[in-house]
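Here is a short tour of one protein model. Keep the sequence and the 3D view open while you read.

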Amino acid sequence: MSSEALTGDQMPRMTTDSPGPTSTEWVDRLSRTECPAITARRARRERETGAGQDPIVWDEARGANVRDADGNVYVDMTAGFAVAGLGHRPPQVVDAARDQLDTLIHAMGDVYPSKIKIELCDRLADVAPGDLQQSILGQSGSDAVTAALKTAAVHTGKPGFLSFWGAYHGLAYGALSASAYREEFREPFLDQLNNHARHVPYPDPLRPPFGLVRGDATPQEIRDACLEHIDQLLSGHATGSEGIGAIIVEPIQGRGGKVVPPEGFLQGLRDVCDRHDLVLIFDEIYTGFGRTGDLFACQNEDVVPDVLCTGKSMGGGAPMSAAIGRPEIMESWGTSEGEAIHTQTFLGNPLCCAMAKAAVDTIVDEDWPSRVRERGDALADKLESLAARWPDRIVDVRGRGMMWGLEVVESGAGVEPDGSLVRRLMDFCRQSGYLFLPSGTHGNVVGLTPPFVATEQQIDGFLDVFERGLEHLTERG
Ligand SMILES: Cc1ncc(COP(=O)(O)O)c(C=O)c1O
């Protein structure tokens, strides 16, 4: 196994099958001590049924590269669930973590905060759009969503909220009630989920709701139909609508398949919320901090929510998230007397704050959003050409910046989703050293969210292998 340090800009180098024997040993070991729902037993079942490949076990990562336990070097087209925007182990973040380790790893979040937490909150207020100024920090995206939903309830006194079909807001209970991504994620827990979430159609231009037909209905008509539906619902034409105090929405649906709503949708939601006195929450956990070519995706339409949730890229690899709100909304919490009514043991953990502060500083000060926009435009052209060569397989290319989805369908079956081909393509690419993940409610979308720092050569290498995969797998039918 090679012990040469990764540089981050390397092309794949495969020395064993993927997974190799060492990864398999580690996964077998995991199967004994981790809950079977998480990784290993599921993988085993897949191995036995031939439904997919076992996981590889990660050993090292840098920039756009990952090395597995067998020494194979990959290009990570997922940026580790879109966390490694600046790449894995960005030097600025590593240095900040090292410095922080020398002074303070843990403080007492709400009781005795650290200086670095205060500096991070200042910086977030600095860079957040409009008058978003006050943060509630968390460790996960689910934490930020929970904080945002609680804030809306405290502000409006109403427990209900609207979220969208296909939305993914996380799997902790508050967030899971808002998520309408896959029914199997919710189904075992339905009795425990709060019943204040109401899911409404997202204006998906490929699969429009309300019986609208793709191609016949314009994106604007699809947008307006969705907005009109919400407006009607809030105008008291549906039972329970009087208890709705918030709308939570992803400006581009991430895990739901990189679905980009028609232009004007976010502004339409802003108008609806203003008309009905609702709190508007943008979940930018996936899209935020440069991923779409703006610092936040909502800036593409110049729309400011009341609360904005961030996570993923924000931490530079550290588990860190924030719900950032307008002061008059956040003031509704009142001043805590005695014990804070919203906090966590690790709220504002100094090590994570130091890493997040370095990541945010780097993304903003080095103007990564415009670099992402430029690189994203080049990637979009390449994806469009690829789709033009495979019109019966790739029916949609959508996204922005470095967040793209290729919608793959069964040949000759209209827009019938083909999750199984995506899975086989994923396996094929992994054998050649490229990692990507399926996305979309049927796993039918090739999700591409490479690190911003991925080189052109790495991206071209992926596209070549992916196309070879299409040739190989579709020839075999
Ligand atoms: C838009 C969005 N919101 C929330 C979450 C949940 O974040 P976490 O998994 O950190 O709880 C995710 C995770 O993918 C996400 O994409």
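Which residue in β12 is the bridge partner of Arg-398? The partner is Gly-405. The model is predicted, so to speak of local features a pLDDT of at least 70 is needed, side-chain atom pairs count only at pLDDT 80 or more, and totals for chains, interfaces and linings use all residues. Residues are numbered from 1 along each chain as its sequence is written, and side-chain values use heavy atoms, with hydrogens and water left out.

## Hairpins and a sheet

Helices (H or I, at least four residues) and strands (E, at least two) are DSSP runs, numbered from the N terminus. Two strands pair if DSSP finds at least two bridges between them.

Strand β11 (residues 394–400) pairs with strand β12 (residues 403–408) in the antiparallel sense, over six bridges. The two form a hairpin with two residues between them. Gly-401 sits in that turn, with a positive phi of about 60°.

Another hairpin joins β1 and β2, again with two residues between the strands. Here Gly-63 takes a positive phi near 55°. Strand β1 (residues 58–62) and strand β2 (residues 65–68) are antiparallel and share four bridges. Arg-62 stands opposite Asn-65 in β2.

β2 also pairs with strand β3 (residues 73–76), in the antiparallel sense over three bridges. Val-66 has Tyr-74 in β3 as its bridge partner. These strands belong to an open sheet of four, in the order β1-β2-β3-β13, with mixed pairing. Its edge strands are β1 and β13 (434–435), each pairing on one side only.

## Domains and cores

The domain assignment, which is automatic or from a database, gives domain 1 (21–89 + 368–475) and domain 2 (91–365). Their centres, taken over C-alpha atoms, are 26 Å apart. The contact between them (heavy atoms within 4.5 Å) takes 36 residues from domain 1 and 34 residues from domain 2.

A nonpolar core is a set of buried Ala, Val, Leu, Ile, Met, Phe, Trp, Tyr and Cys residues joined through side-chain atoms within 4.5 Å. Buried means under 20% relative accessible area, exposed over 50%, and partly exposed in between (1.4 Å probe, protein chains only).

The largest nonpolar core has 89 residues. Phe-164, Ile-247, Phe-436 and Phe-466 touch the most other members. Helix α12 (residues 350–365) gives the largest share, 10 residues. The core draws at least three residues from each of domain 1 and domain 2.

What does Phe-436 touch, not counting residues up to four places away in sequence? Its contacts include Met-77, Val-422, Leu-448 and Phe-466. A second, separate core has 21 residues, among them Ile-136, Ala-147, Val-279 and Ile-329.

## Around the ligand

The residues surrounding the ligand (a heavy atom within 4 Å) include Ser-140, Gly-141, His-169, Glu-250, Asp-283 and Tyr-286.

| Residue | Residue atom | Ligand atom | Distance |
|---|---|---|---|
| Ser-142 | backbone N or O | oxygen | 2.9 Å |
| Tyr-168 | polar backbone atom | nitrogen | 3.3 Å |
| Lys-312 | polar side-chain atom | oxygen | 3.0 Å |

## Loops and backbone exceptions

Asn-349 lies in the loop between α11 (327–330) and α12. Asn-349 is buried, at 10% relative accessible area. A polar atom of its side chain lies 3.1 Å from the backbone nitrogen of Leu-351. Leaving aside neighbours within four places in sequence, Asn-349 is in contact with Ile-105, His-106 and Met-320.

Most residues other than glycine have a negative phi, and most peptide bonds are trans. Some places here depart from that pattern. Phe-289 has a positive phi near 55°, and Asp-302 has one of about 60°. Phe-289 is in the loop between β8 (279–283) and β9 (307–310), and Asp-302 is in the loop between β8 and β9 too. Is each of them buried or exposed? Phe-289 is buried, with a relative accessible area of 0%, whereas Asp-302 is exposed at 67%.

Finally, a cis peptide bond joins Ser-18 and Pro-19, with omega about 10°. Pro-19 is in the segment before α1 (21–33).

Notes
Polar contact = N/O pair within 3.5 Å; in protein donor to acceptor, adjacent residues only side chain to side chain.
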